[in-house]
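Colleague: Please take one part of this model and go through it closely, then connect it to the rest of the chain. Give the cut-offs of your terms as you use them.

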Amino acid sequence: MRVALIQLAGGSGDKKADIALAREKIREAAAQGADIAVLPEMFCCPYETSAFRSYGEAEGGEAQAALSALSKELGLYIVGGSVPELEGDRVYNTSYVYGRDGVRLAKHRKVHLFDIDVEGGQRFMESDTLSPGDQITTFETEFGTMGLCICFDFRFEEQARLMALRGAKVLFVPAAFNMTTGPAHWELMFRQRSVDNQCFTVGVSPARNESASYVAYGNSMAVDPWGTVLTRCGGEPCIQYADLDLSRADFIRRQLPILSARRTDLYEIKEV
């Protein structure tokens, strides 16, 4: 299974231009034999709380329609990064997945909102604008079960574990870590989740734009179930490809029975 990690220099402030750029790069990925193309979090919206509502779209909106049509035209899966989704008075940070026939396979609303205030570092409050989702998201493909979450969700091991227990052998994570959290935790977290859940992890970030109000770390990467980094971008716009042999997850799970040897009879949290 070939995955294209498409690290875009999006969020330009011109939504149509950002969607056009995504189309161009997905076509390039398809020409290189990709089965699944993955876009970054908020790929066609500036990563600013003040922009989420104004760049948002309702079900079936412009960005969604473009990705659905392109997946059908090219015959590949698209994990559509994320876009601000409008529903009534609420705004969600939502990722859509489309199958080879253009039909939507999954929709994930970011569960854990990114509210961070690091002394001397980054402050960002998604909850000023966004509402949280309430679902664990997996979807089925010809290759097997896949998991999907967005950025800050990935910090919560319980969410990753639940996707793995549903059978997911690959966890896709559109994300936008910043220059405070990225250097400290990005690689560590993807390798850790891969090892803990004995699965592949694929994180795709926007490219780094030093002039933006929110500077993304970049470094989109894919990691195998042994914790080995298979491919990694730098900060610049790029496409990297990862060829995932999903039988490796089965092999490692047989050698180290972490998932099957869990002692769930001991793990219940009890009040003291």
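**The sheet and its surroundings**

Modeller: Strands β9 and β10 (residues 144–148) run antiparallel and are joined by five bridges. Strands here are DSSP runs of E with at least two residues, helices are runs of H or I with at least four, and both are numbered from the N terminus; two strands count as paired if DSSP finds at least two bridges between them. Within this pair, T141 stands opposite G144 in β10.

This is a predicted model, in which local features need pLDDT of at least 70 and side-chain atom pairs count only at pLDDT 80 or more, while totals for chains, interfaces and linings use all residues. Residues are numbered from 1 along each chain as its sequence is written, and side-chain values use heavy atoms, with hydrogens and water left out.

The pair belongs to an open sheet of six strands, ordered β9-β10-β11-β12-β13-β14, with mixed pairing. At the edges are β9 (137–141) and β14, each of which pairs on one side only. On average, neighbouring strands of this sheet are turned by 20° against each other, direction ignored. Axes are lines fitted to C-alpha atoms, for helices over the stretch in contact, and angles run from 0 to 180 degrees between N-to-C directions. Strands of a sheet pair through backbone hydrogen bonds, in either the parallel or the antiparallel sense.

Helix α5 (residues 181–197) packs on this sheet and touches β11 (170–174), β12 (200–204), β13 and β14; contact means heavy atoms within 4.5 Å. The direction of α5 makes about 150° with that of β12. A salt bridge is a side-chain nitrogen of Lys or Arg within 4 Å of a carboxyl oxygen of Asp or Glu. R191 and E187 are separated by about one helical turn because they lie four residues apart in α5. R191 counts as partly exposed at 38% relative accessibility, and E187 is partly exposed too, with 27%. Buried means under 20% relative accessible area, exposed over 50%, and partly exposed in between (1.4 Å probe, protein chains only).

At the other end of the strand order, β13 (221–223) and β14 (229–232) pair in the antiparallel sense over three bridges. V223 stands opposite V229 in β14. The two strands form a hairpin with five residues between them, where G227 takes a positive phi near 90°.

Most residues other than glycine have a negative phi. C151, in the loop between β10 and α4 (157–165), has a phi near 45° and is buried, with a relative accessible area of 3%. N219, in the loop between β12 and β13, has a phi near 60° and is likewise buried, at 8%.

Now to the rest of the chain. Strands β5 (residues 90–98) and β6 (residues 104–109) run antiparallel and are joined by five bridges. T94 stands opposite R109 in β6. Here too the hairpin has five residues between its strands, and G102 in the turn has a positive phi of about 85°. R109 also belongs to a network of salt bridges that links E59, E85, E87, R104, K107 and R109.

The whole structure has 22 salt bridges. One of them joins the side chains of D243 and R2 at 2.8 Å, N to O. This pair links distant parts of the chain, with D243 in strand β15 (residues 238–243) and R2 in strand β1 (residues 2–7), 241 residues apart. D243 counts as exposed at 52% relative accessibility, whereas R2 is partly exposed at 24%.
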